[in-house]
Amino acid sequence: MSAELAGLVGVLVALLLMFMGANVAIAMAAIGMLGVSLFVGVNVGFDSLAPTIFARIANYDLAVLPL
């Protein structure tokens with residue numbers, strides 16, 4: 001599968017998940033992990049998910065937004 005076709009399918013599946021009621025963040029995380037798993041490997045997809053989520057939550061610049 002070419003990268004362009006995989007990207008198009010990923011966008012369409014993400015839109016489908018969002019129209020079905022999934023949160024945007026959940027839909028994008030699922031499609032991102034699926035894409036990484038497809039191109040690199042399943043272990044890399046699961047191993048990269050947790051540090052990415054922690055890095056986004058632990059960012060100090062975004063901590064002031066709820067205030």
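**Figure 1. Element order in the predicted chain.** Helices here are DSSP runs of H or I at least four residues long, and strands are runs of E with at least two, numbered from the N terminus. The model is predicted. From the N terminus on, the elements follow the order α-α-α. The chain holds three helices and zero strands.

**Figure 2. Overall dimensions and surface of the chain.** The C-alpha trace spans about 45 × 30 × 15 Å along its principal axes. The radius of gyration of the chain is 14 Å, whereas a compact globule of 67 residues would have a value near 11 Å. Of the 67 residues, 12% are buried. The accessible surface of the chain is about 5,400 Å², and carbon and sulfur atoms account for 75% of this area.

**Figure 3. Close-up of helix 1, residues 3-19.** Helix 1 contains 17 residues. From its first C-alpha to its last, helix 1 reaches 24 Å, close to the 24 Å expected at 1.5 Å a residue.

Figure 4. Ala6, Gly10 and Ala14 are buried, with buried meaning under 20% relative accessible area. Seen down the axis of helix 1, the buried residues fall within an arc of 70°, so they line one face of the helix. This buried set packs against helix 2 (24-39). Glu4, Leu12 and Phe19 lie on the other side of helix 1 and are exposed.

Definitions and conventions
Residues are numbered from 1 along each chain as its sequence is written. This is a predicted model: local features need pLDDT of at least 70, side-chain atom pairs count only at pLDDT 80 or more; totals for chains, interfaces and linings use all residues. Side-chain values use heavy atoms; hydrogens and water are left out. The radius of gyration is taken over C-alpha atoms; the globule rule is 2.2 Å times the number of residues to the power 0.38. Buried means under 20% relative accessible area, exposed over 50%, partly exposed in between (1.4 Å probe, protein chains only). Accessible areas come from the Shrake-Rupley method with a 1.4 Å probe; for residues, only the protein chains shown count as cover. The expected span of a helix is 1.5 Å times one less than its number of residues. The arc is that of the directions from the helix axis to the C-beta atoms. Contact means heavy atoms within 4.5 Å.
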